[in-house]
Amino acid sequence: MRTGGGLLAGLAVIVGGILLASLGVNQYLYFAGYVVLQYVVVATAWNILGGYAGYVNFGTSAFFALGAYTAIFLIEAVQAPLPVLILAGGLVSGLLGLGIGYLTLRLKGVFFSIATLALSVVLQTLIMNWDYVGGAKGVTVIRPGGPLFGNWVTLLFTVMVGLAVAAVTVAWLIERSWVGRGLTALRDSEEAAECMGVPTLRLKLLATTISGFLLGVAGAPFPYYVTYVEPSSAFNLDYAVNALAMSMIGGTTTWIGPVIGAVLLGTAQQVATVTISSELNLLIVGVVLVAFVVLAPEGIMGLVRRARGR
Amino acid sequence: MFSWDLLANAVVAGVLLGGFYAAVSLGVSLTFGLLDVVNIAHPAFVILGSYAAYAMNSSFGLDPILTGVLLTPLFYVLGAAVYQMYYGSFERRGEESLRGLVFFFGVLFIIEVSLSLTYGVDYRLVEAPYIGKSINLGGVGIAVRLLVPFAVGLAMTLALHLFLSRTFYGRAIKAVAQDRLALRLMGANPVQIKTIAFGIGIAAASLSGALLVTIAPVVPSTDRDYIGRVFAITVLGGLGSIGGTLVAAIILGVAESLMATFFGPSWSLAVSFGILLLVLAVRPTGLFGR
């Protein structure tokens with residue numbers, strides 16, 4: 001019953017998104033909405049590894065950028081259509097995720113986090129020295145003419161609606177299944193979980209791969225969205241900080257946490273960028289993040305739970 | 001194409017750079033290596049020190065390194081305050097590892113964005129009489145702007161080593177790293193000791209920031225280049241080993257310098273992070289691990 005309800009809700013969101021996209025409201029709303037939805041995917045993907053399994057990934061930008069650059073490569077090479085770009089971006093980032101999954105065999109806690117950050121910089125250096133995809137000076141991507149419906153902004157917006165629903169569904173399914181319970185067990189104590197027969201390595205590999213896949217999926221439409229990609233924008237540390245901040249603010253233990261965080265913080269940032277300045281909105285993210293880890297470590301969902309409990 | 005002159009120059013420049021890298025990493029060696037506080041915001045405090053030196057240099061014409069030395073008490077207090085906040089929010093509740101990491105990540109971000117709000121994202125540099133001069137030793141040119149930070153870096157390493165091995169508080173810091181409970185039983189307060197150590201770490205960061213701005217112009221986001229470097233050096237040197245930090249810093253400096261000379265500067269950053277990844281994957285205890 002619940003799965004059916006969830007599926008229906010998901011379909012409703014997608015249909016709603018398409019309807020919204022075909023409405024003739026201000027184009028900027030789609031443009032800003034895309035960013036918020038992209039953060040829903042990014043934060044949800046981050047949370048599958050960071051929240052459920054407790055492995056904090058600082059290299060979110062690397063996975064995102066790898067998705068974007070896989071897309072650029074395929075556009076440059078064979079003019080591949082959007083669905084292929086998204087799938088390929090996800091697969092390549094998923095493979096990288098599998099790689100860092102094996103890293104978890106040796107690296108726990110902070111060492112894992114530092115390693116992912118290092119990975120991000122190494123990848124950025126490789127891309128900066130790879131001239132085929134633009135190198136350090138970046139690359140201009142030309143959108144092919146005649147999108148399926150509407151214009152490119154509304155099309156990309158609709159695609160992102162679908163991706164966000166898919167990402168949240170995946171997170172929801174993981175949470176409800178034995179996979180989620182296993183991940184929770186290994187988050188609390190890896191040794192104890194292993195002793196109880198939880199296949200920790202397989203679960204960790206699954207979590208890193210799915211998380212990487214979804215981050216790559218989020219990055220794949222990025223070249224068409226901005227039409228000009230340079231390594232410093234695709235590998236921007238903002239993605240890592242935002243993914244972390246959004247999940248932490250919403251609450252990391254449930255699928256709804258990152259969604260709440262992404263919608264709140266993402267929208268706040270979009271508003272702040274227009275009304276104040278983009279530098280100041282980053283400052284807000286930093287301050288809110290620190291305030292939440294200090295004052296409400298369980299996030300908004302934790303506050304809600306505590307309020308209900310009393 | 002290969003020339004011995006080029007190689008000699010690259011190695012000398014790398015060793016000098018390594019002395020400076022040691023200065024940048026000492027604080028992390030102390031806070032992360034000995035206290036287990038993952039101060040990932042350390043490079044941001046370094047850049048804060050750079051901008052402090054820049055501000056004093058541009059408005060009063062003060063020597064950047066002298067400014068760095070004069071400002072260390074201020075940064076010591078700042079570091080102590082940050083540690084008190086960290087302790088009160090995380091360590092006392094026993095949830096330091098991941099949330100503490102996120103906390104410092106946020107602090108890094110706040111410092112960086114505050115600096116770019118205040119000073120913009122243009123490159124800032126300092127002026128001092130020794131910048132731009134160089135000494136020539138039989139075909140090997142030594143830039144004085146690298147030599148001075150190298151000397152200060154060595155002095156800082158020696159001073160920290162002596163402090164940790166000869167003084168009461170230094171030994172207490174080492175004791176905290178080994179056994180917190182035993183230290184408490186001896187009548188010393190581990191929180192106070194850790195506050196002192198953290199303050200020293202941040203003070204060292206600010207001084208090395210003054211060295212950094214002497215070597216090259218800085219922007220607020222320069223700190224990101226140093227996250228990998230300082231952690232690579234600290235991990236490679238064996239967590240908490242001061243001598244190991246110096247050796248690792250010089251290895252990294254030479255490796256980067258060779259890479260920049262023979263393959264181009266755009267590859268040099270990958271060296272530190274590559275070494276870090278390799279060390280983490282193969283030998284997480286480093287060369288001189290405890």
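**Helix packing**

Modeller: Within chain A, the mean confidence is lowest in helix 1 (residues 2-22) of chain A, at 65, and highest in helix 9 of chain A, at 94. These scores matter here, as the model is predicted. Chain A as a whole has an average pLDDT of 85, with 91% of its residues at 70 or above. Chain B also averages 85, and 96% of its residues score at least 70. For the complex, the predictor reports an ipTM of 0.76 and a pTM of 0.84.

Spanning residues 200-219, helix 9 of chain A packs on helix 2 (residues 27-52) of chain A at about 165 degrees, and the two axes are 9 Å apart. Angles over 145 degrees count as roughly antiparallel, so helix 2 of chain A and helix 9 of chain A fall in that group. Their crossing is left-handed. On the helix 2 side of chain A, the contact residues are Gln38(A), Val41(A), Val42(A), Thr44(A), Ala45(A), Trp46(A), Ile48(A), Leu49(A) and Tyr52(A). They meet residues of helix 9 of chain A that include Ala207(A), Ile210(A), Leu214(A), Leu215(A) and Val217(A). Sorted by class, this contact of helix 2 with helix 9 of chain A holds 13 nonpolar and 4 polar residues, and no charged ones.

Helix 1 (residues 4-34) of chain B and helix 9 of chain B meet at about 65 degrees, with axes 9 Å apart. The range for roughly perpendicular is 65 to 115 degrees, which is why helix 1 of chain B and helix 9 of chain B are described that way. The crossing of these two helices of chain B is right-handed. Helix 1 of chain B contributes Tyr21(B), Val24(B), Ser25(B), Val28(B), Ser29(B), Phe32(B) and Gly33(B), while helix 9 of chain B contributes Tyr226(B), Arg229(B), Val230(B), Phe231(B), Ile233(B) and Thr234(B). By class, that contact of helix 1 with helix 9 of chain B consists of 8 nonpolar, 4 polar and 1 charged residues.

Between the chains, the contact draws 35 residues from chain A and 33 from chain B. On chain B, helix 4 (96-119), helix 9 (223-236) and helix 11 each provide at least two residues of the side that touches chain A. Helix 4 of chain B gives the most, at 15 residues. The side of chain B that touches chain A divides into 22 nonpolar, 8 polar and 3 charged residues.

One helix pair across this contact can be followed in detail. Helix 5 (residues 109-128) of chain A packs on helix 11 (residues 268-282) of chain B at about 145 degrees, with the axes 9 Å apart. This crossing of helix 5 of chain A and helix 11 of chain B is left-handed. From helix 5 of chain A come Phe111(A), Ala115(A), Ala118(A), Leu119(A), Val121(A), Val122(A) and Thr125(A); they meet Leu269(B), Ala270(B), Phe273(B), Gly274(B), Leu276(B), Leu277(B) and Leu280(B) of helix 11 of chain B. The contact of helix 5 of chain A with helix 11 of chain B comprises 12 nonpolar and 2 polar residues, with no charged ones.

Notes: Residues numbered from 1 in each chain as written. Chains lettered and ligands numbered in written order. Predicted model: local features only at pLDDT ≥ 70, side-chain atom pairs only at ≥ 80, totals over all residues. Axes fitted to C-alpha atoms, helices over the stretch in contact; angles between N-to-C directions. Helix = DSSP H or I, 4+ residues; strand = E, 2+ residues; numbered from the N terminus. Left-handed = near helix turned anticlockwise from the far one by under 90°. Contact = placed C-beta atoms within 7 Å. Nonpolar A, V, L, I, M, F, W, Y, C, P; charged D, E, K, R; others polar. pLDDT = per-residue confidence, 0-100. Parallel < 35°, antiparallel > 145°, perpendicular 65-115°, else oblique.
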